Amino acid sequence: MDIPPISIALEELGVPHKIFRHETPVTSFEQAASERGQKPDQVVRSILFRVSEDEFVMALVAGPAQVSWKILRKHLGRSRISMATEDEVLAVTGYRIGTVGPFGLPNQLKVLIDAGVMLEEEVSIGSGMRNTAVILKSADLHHALKNADVVSLVEK
């Protein structure tokens, strides 16, 4: 079986992790969490936002939590931001929506980790391949993303 690109990037960084392959197509993060033996809050979504014409930022968010546009705009000091389109996600990350993770990216990208991600000891992230995830400790995720900021992006 192919090794997911994000697993390869984590290996190069010396980050301990496991690869999890789903037996059937994943249609929700609740299903993904259940099959991985995790809670929905342990499934981390990597969401790409367009800050300007050629500037993007990735937000890592736990489970069903929704990024607050107001908080994100304030943190970035911008009055306008938008979600990246499907084509932009592929061009900027090299991954298709549903497989995106914060490692192995073609170019350096600012990454924001929502504080909720750090509440779980173990999390799973996109692997760069469909129906496959990478499971690792949240502390290792944060440590490997040396320049990432941990911020509260979700309204309580």
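Helices here are DSSP runs of H or I with at least four residues, and strands are runs of E with at least two, both numbered from the N terminus. The model is a predicted one.

In those terms, Pro4 sits in the segment that comes before α1. Is Pro4 buried or exposed? Pro4 is buried, because its relative accessible area is 0% and buried means under 20%. Leaving aside residues up to four places away in sequence, Pro4 touches Ile19, Arg21, Ser127, Met129 and Thr132. Between Pro4 and Gly126 lie 9.3 Å in space, C-alpha to C-alpha, although the two are 122 residues apart in sequence.

Helix α1 spans residues 5-13, and its buried residues are Ile6, Ser7, Ala9 and Leu10. These residues lie on the same side of α1 because they cover an arc of only 160° around the axis. Strands β1 (18-21), β6 (122-126) and β7 (132-137) are included in what covers them. Glu11 and Glu12 are exposed, on the face of α1 turned away from its buried side. After α1 comes Gly14, with a positive phi near 70°.

Next comes the sheet. Strands of a sheet pair through backbone hydrogen bonds, either parallel or antiparallel. Here, five strands form an open sheet in the order β4-β2-β3-β5-β8, and the pairing is mixed. Strands β4 (82-83) and β8 (149-151) are the edges, since each pairs on one side only. Strand β2, residues 44-52, runs antiparallel to β4 and is joined to it by two bridges. Phe49 has Met83 in β4 as its bridge partner.

Two helices lie across strands of this sheet. Helix α3 (residues 69-76) lies across β2, β3 (55-62), β4, β5 (110-114) and β8, and runs at about 135° to β5. Helix α4 (residues 86-93) lies across β2, β3 and β4, at about 100° to β2.

The last stop is the open space. Rolling a probe the size of a water molecule over the atoms shows where empty space is left. The largest pocket holds about 740 Å³ of space. Its lining is made up of 33 residues, and Arg45, Ser46, Ile97, Gly98 and Thr99 lie nearest its centre. Elements that give two or more residues to this lining are α2 (29-36), β2, β6 and β7. Which element gives the most to the lining of the largest pocket? That is β2, with six residues.

Technical notes
Residues numbered from 1 in each chain as written. Predicted model: local features only at pLDDT ≥ 70, side-chain atom pairs only at ≥ 80, totals over all residues. Heavy atoms only, no water. Buried < 20%, exposed > 50% of the residue type's maximum accessible area, 1.4 Å probe, protein only. Arc of directions from axis to C-beta. Contact = heavy atoms within 4.5 Å. Pairing = 2+ DSSP bridges. Axes fitted to C-alpha atoms, helices over the stretch in contact; angles between N-to-C directions. 1 Å grid on protein atoms, 1.4 Å probe; cavity = no way out; pocket = protein on both sides within 12 Å on 5 of 7 lines; lining within 4 Å. Points joined across faces, edges and corners; volume = space filled by probe spheres on them.
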